[in-house]
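Hello,

My notes on it come after.

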Amino acid sequence: MSDMNGAELLVQTLAAEGVRQVYGLPGTTIMDVLDAFGGQDRVRYLSVRHEQVAAFMADGYARATGEPGVCLGSRGPGALNMATAVGNACDESVPMVVLIGQVAADITARAAFEELDVLTAFGPVTKWAVEVPRADRVPELVQRAFRVAVSGRPGPVLVSLPLDVLTDPATVRPGPRFRPGRPRPAADDVTAAARVLAGAARPALIVGGGVRAEPYDGDVIDLAEALGGPVVTTWSRKDRFPNDHPQFLGALGAGAFACTERAVREADAVLALGCRFSEFTTKRWTLLPDDAALVHVDIDPSELGKIHVPAVGLPADAGLAAADLAACLDPARSPILASPGGCAAWLGGLRWEYVAACELALPERTSPVSAAHLTVALRDLQSRTDATLVVDAPSTGPWIQRHLDVTRPGRYVASGGGAMAWGFPAAMGMLLARPERPVVCLSGDGSFWMVAQDLETAVREHIPIVIVVADNFAYGNTRDRQRTAHGGRYLGVFYDNPDLAAFARLHGAHGERVTTAAELPAALDRALAAGGPAVVDVVQDPHEGLPPDMTPIAAR
Ligand SMILES: Cc1ncc(C[n+]2csc(CCOP(=O)(O)OP(=O)(O)O)c2C)c(N)n1
Ligand SMILES: [Mg+2]
């Protein structure tokens, strides 16, 4: 006899996997799941105002914990509302389990109300998409979804749950929680890679998202020091290496300094650690010198040789590969000692340029608030608080990427997936995962308005998120493309906004409207001290945007 239906078994399975929170929005196919959440207190269900927000929150939860974030939606429209966030997580290698209610098996494939083949629709944006065929297979397939999401290159997995599966009686129970171990590189590959690197006169290290953010990976630092050359990170992964390290040369990608790029262009050997050579990181695949010896480490073997064919490719966990390579490259054999002065002089020159480039000249005008003043205010905030800065897709992003030194692990999180509106919900997920650490999200006004309705969620659920809105009344990044590539013919990029501080107060949140740079530090402090959700509306010139020397990357 069964005392449980599929929905209750699902919730018990989530609890067995260690899930603490699920974000969702109701619909007829998942009402039994909501009933099941209501009957227990191990997994907390939080309701949002748009499914996209649920999925972005799951993304943030995953980035803060390393465990899959979980979101829940109902068939066709509910599922599709999550698609952008799921696709962004897929690009960004973020583990997620996306639970979707589906029409019951007895009416499937008749174009029933809101019926959508979610397995096909989400195939290109998930690691795996599976439908549970009967209630007793809920634990097997849901628990496998968690393992798939975190194993190898992490990513989102979709589980489709037909209504009959959720309402039918179930007799099985969840199995043990299991996570696969991290793959260590083969000893022969490590020796071959070390030989290539030890023979280099100018070795560069590219640190990618495969390297953990928190705490800093000591083996990666040891490896960098054994190599002796410059260290750069991939685009939006500036948090993977201590930025105050004397070998650090900045982040590649949109807005990278010339010296950061030269650290790779001038290298005779490149070690790429946990990176997949994305379009932005590699300047559309033009950055790596043809004659440099490449050692490529990635957990996904299909990445090795996909873009650049390496001299040695290691299908392995980046941290374990770094540990083994560091052990192999003892100082007596490191290139800096093998060619005394050569590498040190090269690094020293680049580093000198880098330190100079990081200086930020402030414009004389202090009102409305320039991107430079906003960057300095956020930089100062980071130095006097423990806040994590989450950066969405505003034009201020490259300013931050250039001029904010990340010296405490995990205190800067940016998405390279490109989806506007990721920041505010993801920041909420991070805060819910780790309530003890304050989170400040920097968002563009265009991006914030895509998810602004969920300020209500933050207030209702007491999530003390601080949202700083770079309010330039424009889709600034695209406006700048019209300026640089379309002869300044502006169309569809300017709009109006209400007073966002008043909008915040209307919801019961704290609101600050800042029109001059001098007011900004105190406004940020008050927002953080408010103890609840807060919006800091930073009013900018409608033409404020990217650093003046930066041209938005054309689509071509
Ligand atoms: C969902 C989505 N739609 C469109 C784009 C294209 N896009 C990239 S940046 C941008 C403008 C962002 O505007 P805003 O958030 O106000 O930031 P700003 O550049 O003005 O600082 C747009 C439309 C995108 N990246 N994501
Ligand atoms: Mg804007």
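This is a predicted model: local features need pLDDT of at least 70, side-chain atom pairs count only at pLDDT 80 or more; totals for chains, interfaces and linings use all residues.

Residues are numbered from 1 along each chain as its sequence is written, chains are lettered from A and ligands numbered from 1 in the order in which they are written, and side-chain values use heavy atoms, with hydrogens and water left out.

Asn472 is buried at 6% relative accessibility, and Ala474 is buried at 3%. Buried means under 20% relative accessible area, exposed over 50%, and partly exposed in between (1.4 Å probe, protein chains only).

Open sheet. Six strands form an open sheet in the order β11-β10-β9-β12-β13-β14, with parallel pairing. Strands (E, at least two residues) and helices (H or I, at least four) are DSSP runs numbered from the N terminus, and two strands pair if DSSP finds at least two bridges between them. The edges are β11 (248-251) and β14 (312-315); each has a single partner strand, so one side of each has no neighbour in the sheet. Direction ignored, neighbouring strands are turned by 15° against each other on average. Strand β9 (203-207) is joined to the parallel strand β12 (269-273) by five bridges, and Val207 stands opposite Leu273 in β12. Helix α10 (218-227) packs on the sheet and touches β9, β10 (231-233) and β12, with its direction at about 165° to that of β9. Axes are lines fitted to C-alpha atoms, for helices over the stretch in contact, and angles run from 0 to 180 degrees between N-to-C directions.

Helix α5. In α5 (83-91) the buried residues are Ala85, Val86, Gly87, Asn88, Ala89 and Cys90. Their cover includes α3 (51-65), β5 (96-102), α6 (118-122) and β7 (156-162), where contact means heavy atoms within 4.5 Å.

Aromatic pairs. Rings of Phe, Tyr and Trp (its six-membered ring) pair if their centres lie within 6.5 Å; planes under 30 degrees apart count as stacked, over 60 as edge-to-face and the rest as tilted. By this rule there are 12 aromatic pairs. One of them is Tyr23 with Tyr61, edge-to-face at 6.5 Å centre to centre and 65° between the planes. This pair links distant parts of the chain, with Tyr23 in strand β2 (21-24) and Tyr61 in helix α3, 38 residues apart. Both Tyr23 and Tyr61 are buried. Phe448 and Trp449 form a tilted pair, at 6.2 Å and 50°. Phe448 is buried at 0% relative accessible area, whereas Trp449 is partly exposed at 31%.

Nonpolar cores. A nonpolar core is a set of buried Ala, Val, Leu, Ile, Met, Phe, Trp, Tyr and Cys residues joined through side-chain atoms within 4.5 Å. The largest has 84 residues, and Val468 and Val536 have the most contacts inside it. Apart from it lies another core of 55 residues, among them Leu158, Ile463, Ala509 and Val535.

Regards
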